[in-house]
Amino acid sequence: MLKFIEYPKCSTCKKAKKYLDNLNLAHTDRHIVEEKLSKDELLALYKKSGLPLKRFFNTSGLKYRELNLKDKLSKMSEDEQLSLLASDGMLVKRPIVESSDKVLVGFKPAEYDMLK
């Protein structure tokens with residue numbers, strides 16, 4: 001079963017969930033603000049995804065801009081970035097889908113099609 005990490009009010013998350021449902025892919029849902037990801041969970045997702053850590057930041061979010069992370073991220077260590085992501089679910093790009101062998105960040109229908 002897939003793990004679907006979301007912020008339920010997010011329009012992209014709603015589209016992604018509907019897409020998964022239309023593909024008849026079973027998933028468990030996790031509210032990223034009410035049940036934040038731990039630093040260890042984020043590290044595991046990051047390593048499994050093969051993506052740069054920056055891709056896990058919600059760069060269009062208000063919190064990202066408030067903290068001026070555009071200029072600060074490149075000067076932060078991986079450990080510092082993971083701690084920051086774990087501190088506030090609103091900083092994390094969503095949705096995140098985890099299958100047994102992959103992690104998808106954001107919503108791209110073609111990537112979701114490969115989960116079948």
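## Aromatic pairs

Five aromatic pairs turn up in a search of the whole structure. In one of them, the ring centres of Phe-107 and Tyr-112 lie 4.8 Å apart with the planes at 80°, so this pair is edge-to-face; planes over 60 degrees apart fall in that class. The structure is a predicted model.

Tyr-19 belongs with these two residues: ring pairs join Tyr-19, Phe-107 and Tyr-112 into a cluster. Tyr-112 has a relative accessibility of 0%, so it counts as buried.

## Overall fold

The chain contains six helices and four strands. Read from the N terminus, the order of elements is β-α-β-α-α-α-α-β-β-α. The radius of gyration is 14 Å, close to the 13 Å that the globule rule gives for 116 residues, so the chain is as compact as a globular protein of that length. Along the principal axes, the C-alpha atoms fill a box of roughly 40 × 25 × 25 Å.

Among contacts in the chain with a separation of 6 or more, 65% are between residues 24 or more positions apart.

## Surface and charge

Of the 116 residues, 41% count as buried. The accessible surface of the chain is about 6700 Å², and carbon and sulfur atoms hold 51% of that area.

Helix 5 spans residues 78-87. Its buried residues are Gln-81, Leu-82, Leu-84, Leu-85 and Ala-86. These buried residues pack against helix 2 (39-49) and helix 4. As a general point, an α-helix has 3.6 residues a turn, so residues three or four places apart point the same way.

The loop between helix 5 and strand 3 (96-98) holds Asp-88. The relative accessible area of Asp-88 is 18%, so this residue is buried, the cut-off being under 20%. Leaving aside residues up to four places away in sequence, Asp-88 touches Lys-36 and Lys-63.

Pro-95 also sits in the loop between helix 5 and strand 3. The peptide bond joining Arg-94 and Pro-95 is cis, with omega at about -5°. Most peptide bonds are trans.

## Loops with a positive phi

Most residues other than glycine have a negative phi. Asn-24 has a positive value instead, with phi near 60°. Asn-24 is placed in the loop between helix 1 (11-22) and strand 2 (27-31). With a relative accessibility of 70%, Asn-24 counts as exposed.

Asn-68 is not a glycine either, and has a positive phi of about 55°. Asn-68 lies in the loop between helix 3 (62-66) and helix 4. The relative accessible area of Asn-68 is 39%, so this residue is partly exposed.

## An exposed lysine

Lys-75 lies in the loop between helix 4 (69-72) and helix 5. At 68% relative accessibility, Lys-75 is classed as exposed, since the cut-off for that class is over 50%.

Technical notes
Residues are numbered from 1 along each chain as its sequence is written. This is a predicted model: local features need pLDDT of at least 70, side-chain atom pairs count only at pLDDT 80 or more; totals for chains, interfaces and linings use all residues. Side-chain values use heavy atoms; hydrogens and water are left out. Rings of Phe, Tyr and Trp (its six-membered ring) pair if their centres lie within 6.5 Å; planes under 30 degrees apart count as stacked, over 60 as edge-to-face and the rest as tilted. Buried means under 20% relative accessible area, exposed over 50%, partly exposed in between (1.4 Å probe, protein chains only). Helices (H or I, at least four residues) and strands (E, at least two) are DSSP runs, numbered from the N terminus. The radius of gyration is taken over C-alpha atoms; the globule rule is 2.2 Å times the number of residues to the power 0.38. Contact means heavy atoms within 4.5 Å. Accessible areas come from the Shrake-Rupley method with a 1.4 Å probe; for residues, only the protein chains shown count as cover.
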